[in-house]
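Hello,

Here is the structure I promised to hand over. Please look through it first, then read my notes below.

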Amino acid sequence: MDLFANLAHGFAVALSPINLLMCLIGALVGTLVGVLPGIGTIATVAMLLPITFGLQPVGALIMLAGIYYGAQYGGSTTSILVNIPGEATSVVTALDGFQMAKQGRAGPALAIAAIGSFFAGCVATVLIAILGAPLTKLALAFGPAEYFSLMVLGLIFAVVLAKGSVLKAIAMIVLGLLLSMVGSDIETGVSRMAFNIPELADGLGFATVAMGVFGFAEIIRNLDAGAEMDRDLVQKKITGLMPTRKDLSDSTPAILRGTVLGSILGILPGGGAVIASFAAYTLEKKLAKDPSRFGRGAIEGVAAPESANNAAAQTSFIPLLTLGIPPNAVMALMVGAMTIHGIVPGPQVMQKQPDLVWGMIASMWIGNLMLIIINLPMVGIWVRLLRVPYRLMFPSIVIFCAIGIYSVNNAPVDVILAGAFGLVGYWLIKHDFEPAPLLLGMVLGPLMEENLRRALLISRGDWSVFLTRPLSAVLLAIAAGLLVLAVLPTLRRKRDEVFVESEG
Amino acid sequence: MAETTGQLSGGTASLPGARSVTGAAIILVLAFTPQIIELLIALAGLVAPLSSRGPLQVVAAHASALAAAIPTLAQQYAAGGKTSLSPDVLMALIYTYPLIAVGVFTFLVRPRAPQDYFGGVVLMAIALFALWASSDLQGMRGFSFGAGTAPRIFGLLLLGLGAAVAVIGAVSPGAQLATYHWRGPLFVSLAILTFAVSIRPLGLLITGLASFLIAAIGSPETRWREALIVGICLTGGCALLFPYVLGLPMPLWPRFILQ
């Protein structure tokens, strides 16, 4: 079996001391940002991009991946103990997790969250390993027209699954596409919309925009609410981590369902961990015999979303590794990380860089194992961190972000640009525009333009090529169908319901 | 530039369902923002050597462009010729005039969802600006894309979407404008600016601490002694972490000490 040989190879790579260390660092940093509210995964990954310059590509990607799924673990801790989601993905976990903590069952809640995440992580790792090769073969059948249609589908998915107005989400994507046009045109080399500013000739740095819109804007927004966040930390000592037999039997089906749902939503472009946890929570509530228990400390309400977000965080690597298309903003940053190391993401990565792909897959399983240790016995340390007041944390984050952006190109202008995008991000938040689709549009922009151009060049200017090639037509049909469904009032109401849960 | 103009519409606060005079005025200012920014750059050019037009030239050029834009267009249309319009005239035609129209329109309507309405209008402004900025690029050549084709497609798309968001915001009820705070954004931006300006000449140690303290002003809850201690520790930590542990080249000490 190829699969086992590949996995064995992957483990050999991942178990080398340096990669183990990278995995541990990634998991630790991930847990840290997961625990601390006010700093998100996207900003952290963007911040650490320049640091990976000096590392081997495998180690760098292992570390960055660890941050993403590590944050899913860490986020649950804050949600359960403080009722403030450390990460957007743990918003729903707070609903029942904090209630459990209030009833003195913080231990079992944390344990179930960790066990669920671990189980989901293992399943997702296997899934990536199994699905990787066949999807790569499929990708090789893709021409420019198919690629373009697939990206349209991905963006539409992102819109349909995003929170809030569909129209505004599409507008954000197009704004992102437009921003990605700044700089030199790939084919003709003409400078576009750069206003003769030398720093713009190379285009707007993706990390710069991400840091501004997600890092700085988030800080400014948090300051609006007052730095002293209401942290009614559960003061009781956490006793008895072990869940009871009843807890386990209650949560097993929830973990299974959450894992399946999360894995599917992770693979779909535009999905990712946030939507997975919302969907899993809603599903549990629908299936439960007594839905009124939810919101009052139902253990399924912790188990399902935590499994789902971890599964989704990992399966979202599948489209990136096989098709070279990032399904969400964090994966878009991973593209940036790969590009820094001279790796072009796409179907050829699997064949040309087996070390990288399989090493990363194997490291995910190892990372999950580390995380369960980091999170369960050491939970007290993380809780203590929460006592660091935001008034000290936010200037520190500002400095870290500034140093991070500066060191990407050693360019002070990048720092100013990031600051400007911070204000843009603040404005977007104030007008209820989602920044995540913007980022996705920005990453996919150059890819889309290139494939659109190439497809039209091959078809000699015939736009119907997108509809006459069967694969492309199917992808576009799905995209159109989704868009229609999303705009239909009945479904929209349902979709809004899912998001309203979080505010309850 | 489109980015900096984007946040100008901040600070607007209108009464529910009221005629938004402030909003209309801000859109009118937005319509002239690129010209104003060019003027400011030209004024800065008097002090620092920048290769741009002088301030008087800028004012004259834009004033004549704004006045003569429509006659020029008509003339060109009548001639049927391919004489290209100057960027200033194009700016007036593509960006300023449409936005003035939107501003006047804003004065006449009472948007029922100001948050969406003004959001959409600013997106339209960004789209128009991008259309202007890409107007000098080559369009389609036969069936192959020119450098300007994709920016124009996306620009027009964003214009349409922004207009749709604005129209829906004007017609159907929705959220009011959120309140903007000035303290956090101002001092965090100042801290970032300080960092960018002084990292090269002053080095990480001074810059880091200074930016930390400036950022800390952004919150009214800052306690100074505590912030100072944490700032010093953090800057020290960064000074060890980034250049030594991670090997990123970064000046630590001010340039004048090293010389």
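**Helix 9 of chain A**

Helix 9 of chain A covers residues 206-224, 19 residues in total. From first C-alpha to last it reaches 26 Å, close to the 27 Å expected at 1.5 Å a residue. The expected span is 1.5 Å times one less than the number of residues. Helices here are DSSP runs (H or I, at least four residues), strands likewise (E, at least two), and both are numbered from the N terminus.

Helix 9 of chain A bends by about 30° at A:Gly212. The bend at a residue is the angle between axes fitted to the seven residues ending there and the seven starting there. Helix 9 of chain A is mostly covered, with 17 of its 19 residues buried. Buried means 20 or more other C-beta atoms within 10 Å of a residue's own; exposed means 12 or fewer, and partly exposed is in between, with C-beta atoms placed from the backbone.

**Source and numbering**

This is a predicted model: local features need pLDDT of at least 70, side-chain atom pairs count only at pLDDT 80 or more, and totals for chains, interfaces and linings use all residues. Residues are numbered from 1 along each chain as its sequence is written, while chains are lettered from A and ligands numbered from 1 in the order in which they are written.

**Helix 20 of chain A**

Helix 20 of chain A runs over residues 435-458. Its 24 residues should span 34 Å at 1.5 Å a residue, and its end C-alpha atoms are 35 Å apart, which agrees. A kink of about 40° lies at A:Leu444 in this helix, shortly before the proline A:Pro446. Of the 24 residues of helix 20 of chain A, 17 are buried, so the helix is largely enclosed by the rest of the structure.

Look at both sides of this helix too. A:Asp432 lies in the loop between helix 19 (412-430) and helix 20 of chain A. Its phi is near 60°, a positive value in a residue other than glycine. A:Asp432 is partly exposed, with 17 other C-beta atoms within 10 Å. Helix 20 of chain A is followed by A:Arg460, whose phi is also positive, near 55°.

Helix 2 of chain A takes in residues 17-35. Its 19 residues should span 27 Å at 1.5 Å a residue, and the end C-alpha atoms are 27 Å apart, which agrees. Its buried residues include A:Asn19, A:Met22, A:Gly26 and A:Val33. What covers the buried residues of helix 2 includes helix 1 (2-14), helix 3 (41-48), helix 4 (57-82), helix 16 and helix 17 (379-385) of chain A.

Helix 16 (residues 354-375) of chain A also packs with helix 6 (residues 106-140) of chain A, at an angle of about 175° and with the axes 10 Å apart. That makes helix 6 roughly antiparallel to helix 16. Axes are lines fitted to C-alpha atoms, for helices over the stretch in contact, and angles run from 0 to 180 degrees between N-to-C directions. Angles over 145 degrees count as roughly antiparallel, under 35 as roughly parallel, 65 to 115 as roughly perpendicular and the rest as oblique.

Among the residues that meet are A:Phe118 and A:Ile128 in helix 6 of chain A, and A:Trp365 and A:Asn368 in helix 16 of chain A. Contact means C-beta atoms, placed from the backbone, within 7 Å. By class, this contact has 10 nonpolar, 5 polar and no charged residues. Ala, Val, Leu, Ile, Met, Phe, Trp, Tyr, Cys and Pro count as nonpolar, Asp, Glu, Lys and Arg as charged, and the others, Gly among them, as polar.

**A:Val152**

A:Val152 lies in helix 7 (residues 144-161) of chain A. It is buried, with 22 other C-beta atoms within 10 Å. Leaving aside neighbours within four places in sequence, A:Val152 is in contact with A:Leu476 and A:Ala479.

**Chain B and its interface**

Chain B has 9 helices and 0 strands. Of its 259 residues, 38% count as buried. How many residues of chain B are in contact with chain A? There are 65, and they touch 56 residues of chain A. Helix 7 of chain B gives the largest share of the chain B side, 17 residues. That side divides into 41 nonpolar, 20 polar and 4 charged residues.

Best wishes

Conventions. Contact = placed C-beta atoms within 7 Å.
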